[in-house]
Amino acid sequence: MTLNETILAKVEELYPYMVEKRRYFHVNPEVSGEEIETSRLLKEEMERFGLPVIPVSGTGFIAVFDTGKPGKTLVLRADIDALPMDEGPDNLKGPKNCVSSRSGAFHGCGHDGHMAMQLAVIQVLMSLKDQLSGKILFAFEEGEEKGLGIHQMVAELRKHQPDAVYGTHLTSFMPTGTVCVDAGPRMAGSAVMDFVVTGKSGHASRPDQSVNPIFAVAQMVNAYPSAWVNQLDVTKTVTLAVTKVVGGTASNIIPESVEVGGTCRFFDLEEGTKALGVITKISDAIAGINNCTIKYGPRHKVNGGPVINDAKLSEIARAGVDSILPGALVSGHEWFASEPFRFYQDYFQSLFAFVGMGNAELGSGAEHHNIRFDLDEEALKVGVTAAAKFATEFLNA
C-alpha cells in the first residue's frame, strides 16, 4: 500500500476507538483547571502506548514519541477542558447521541473531539515509525478556555526547540469533510472587559440618598456602540460583546456595586488595543459623572493578537490534504473566536487547521458555546487524516 492508503486504512480501523473516547469525554466533562480525571485517563493511554510523559502544569502534559532517527521535532497540540455551562439534550435536528452527565460542565466547543483525534493520531504515527524520522511531542494543553496552561506549555516546549506546532479545531460553520489550512490570520485576537462600578447602596424609596451604579453601567453600555461608530477604523473590524452585568438582590434595594464583563475580538492588534482604551475612557468618564468609582480587575486587558498560520507550513498542509483527501480543501474561513494557540507563534512556526463538522442532517451546525452544539463524529476521521499526513510530510521533508 502507498503511505496515503496506509494512513486511511489505519484511521478507518481506529474510528470506533475515536468515537468511544470522544463520547466518554463528552459524558464526563471537566472545566478549565479541573481536568483531573480527563488528564488521568489520557496519561493511562500514554502508558499503554509506551510513551513517556512530561508534566507541564496542573493537568497539562506532553507525551514524547521518538522515532530513534535524527530529524526535526514537531508538536501536535490538543486542548482538554470543557465549558462551565449546562448542555441541552437536543442539537438542531433532535436528540444528541450523548449528553454531559455533569451539571455546569459541557464540551460545547469540540475539545472532546480534539482529545479523541489526538489519541488516534498518536497510534497512526506510531504505526508508521519505520517510515518517519525525528520526534513528535503530543501536547495536551490545560484550561484553553481560560488560558490557564498555555504559557507553561510554551515554556516547556522552548526547552525542546520544536521546529513547528500543529493544532486542530473542529468547526461547526464548515461542513463535515472539509479542511481549511490557509496561511495568514485564522482566529481573532481578544481583549477582555472586567470591572466593578461602585456607588452607594440604600433604600429604593429614596434614590436621592444613594448612588445607583446600575444607571452608570446602563449609560456605559449604551455609549460603547456610539464610540465604535465614531472612533474605530471601519476597515479594521472589532467586535464588542457585553456579556455580564451583575448587580442587585431585591427590587427595593439599591445595590452597592455592579460587576461588568465582556470581550472584544479583532484581527488588527493595534485597533483592538485602541478599542479597549476607548472602553476604559468611556467607563471612567461615566462613572465619574455619576459619582461612582470604578475598579478594573486583572482580566481587563488585551490578551494578544490573532492566530496567524505560517505560509510555508500552510503549503505543506494544503498539499497533504489535497493528496490524501481530494476535494476536502477549502479556503477563506476566518473565525472571530480567539485561541491561546496564538502564543505558540511567538516562538515557533505554527499552523492551526480548521476541520468541518457541520451536518444539517445530523443537526450538528449549532454555534460553538451554544447549548445545542453537537459534532458529527465522521469529522474525527478527517481531522486525524489531515494531521497524520501533515506530520509525515513535515518530518520527512
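In this predicted model, aspartate 182 touches Asn309, Ser314, Arg318, Val330, Ser331, Gly332 and His333, once residues up to four places away in sequence are set aside. Aspartate 182 sits in the loop between strand 6 (179-180) and strand 7 (184-198), and its side chain makes a polar contact of 3.1 Å with the side chain of serine 331. With a relative accessible area of 11%, aspartate 182 falls under the 20% limit and therefore counts as buried.

- Glutamate 339 lies in the loop between strand 15 (335-338) and strand 16 (350-358), and at 1% relative accessibility glutamate 339 counts as buried.
- The side chains of glutamate 339 and arginine 77 are joined by a polar contact of 2.9 Å; beyond residues up to four places away in sequence, glutamate 339 touches Arg77, Asp79, Glu144, His169, Met187, Ala188, Val307 and Phe352.
- Aspartate 163 is placed in the loop between helix 4 (150-160) and strand 5 (164-175), and its relative accessible area of 34% lies between the limits of 20% and 50%, so aspartate 163 is classed as partly exposed.
- The side chain of aspartate 163 reaches the backbone nitrogen of threonine 73 at 2.7 Å, and the residues that aspartate 163 touches, not counting those up to four places away in sequence, are Lys72, Thr73, Gln349 and Phe394.
- Between aspartate 163 and aspartate 310 there are 12 Å from C-alpha to C-alpha, although the two are 147 residues apart in sequence.

**Nonpolar cores**

- In soluble globular proteins, nonpolar side chains tend to be buried together.
- The largest nonpolar core of this model has 62 residues, and those with the most contacts inside this core are Met46, Leu74, Leu125, Phe138 and Tyr166.
- Helix 8 (residues 378-396) gives the most to this core, contributing 11 residues.
- Another core lies apart from the largest one and has 25 residues, including Leu232, Cys264, Leu276 and Ile282.
- Phenylalanine 138, leaving aside its neighbours within four places in sequence, is in contact with Leu51, Phe61, Ile62, Ala63, Phe65, Leu76, Gln118, Val121, Ile122 and Leu125; Leu125 is also listed among the residues with the most contacts inside the largest core.

**Packing of helix 1 and helix 3**

- Helix 1 (residues 3-27) packs with helix 3 (residues 111-127) at an angle of about 150°, the axes being 8 Å apart, and the crossing of these two helices is right-handed.
- From helix 1, the residues Ile7, Lys10, Val11, Leu14, Tyr17, Met18, Lys21, Arg22, Phe25 and His26 take part, and from helix 3 they meet Asp112, Gly113, Met115, Ala116, Leu119, Ala120, Gln123, Val124 and Ser127.
- The residues of this contact divide into 11 nonpolar, four polar and four charged.

**Positive phi values in loops**

- Most residues other than glycine have a negative phi.
- Glutamine 161, which is not a glycine, has a positive phi of about 50°; glutamine 161 is found in the loop between helix 4 and strand 5 and is exposed, with a relative accessible area of 64%.
- Histidine 369 likewise has a positive phi, near 65°, in a residue other than glycine; histidine 369 is placed in the loop between strand 16 and helix 8 and is partly exposed, with a relative accessible area of 40%.

**Positions within a strand and a helix**

- Glycine 261 lies in strand 11 (residues 257-266) and is buried, with a relative accessible area of 7%.
- Leaving aside neighbours within four places in sequence, glycine 261 is in contact with Met193, Ala241, Val242, Thr243 and Lys244, while glycine 261 and valine 246, 15 residues apart in sequence, are 8.9 Å apart from C-alpha to C-alpha.
- Serine 323 is placed in helix 7 (residues 311-324), where at 39% relative accessibility serine 323 counts as partly exposed.
- Serine 323 is in contact with Asn4 and Lys389, again leaving aside neighbours within four places in sequence, and its C-alpha atom is separated by 29 Å from that of glycine 363, which is 40 residues away along the chain.

Definitions and conventions. Residues numbered from 1 in each chain as written. Predicted model: local features only at pLDDT ≥ 70, side-chain atom pairs only at ≥ 80, totals over all residues. Heavy atoms only, no water. Core = buried A, V, L, I, M, F, W, Y, C linked by side-chain atoms within 4.5 Å. Buried < 20%, exposed > 50% of the residue type's maximum accessible area, 1.4 Å probe, protein only. Helix = DSSP H or I, 4+ residues; strand = E, 2+ residues; numbered from the N terminus. Contact = heavy atoms within 4.5 Å. Axes fitted to C-alpha atoms, helices over the stretch in contact; angles between N-to-C directions. Left-handed = near helix turned anticlockwise from the far one by under 90°. Nonpolar A, V, L, I, M, F, W, Y, C, P; charged D, E, K, R; others polar. Polar contact = N/O pair within 3.5 Å; in protein donor to acceptor, adjacent residues only side chain to side chain.
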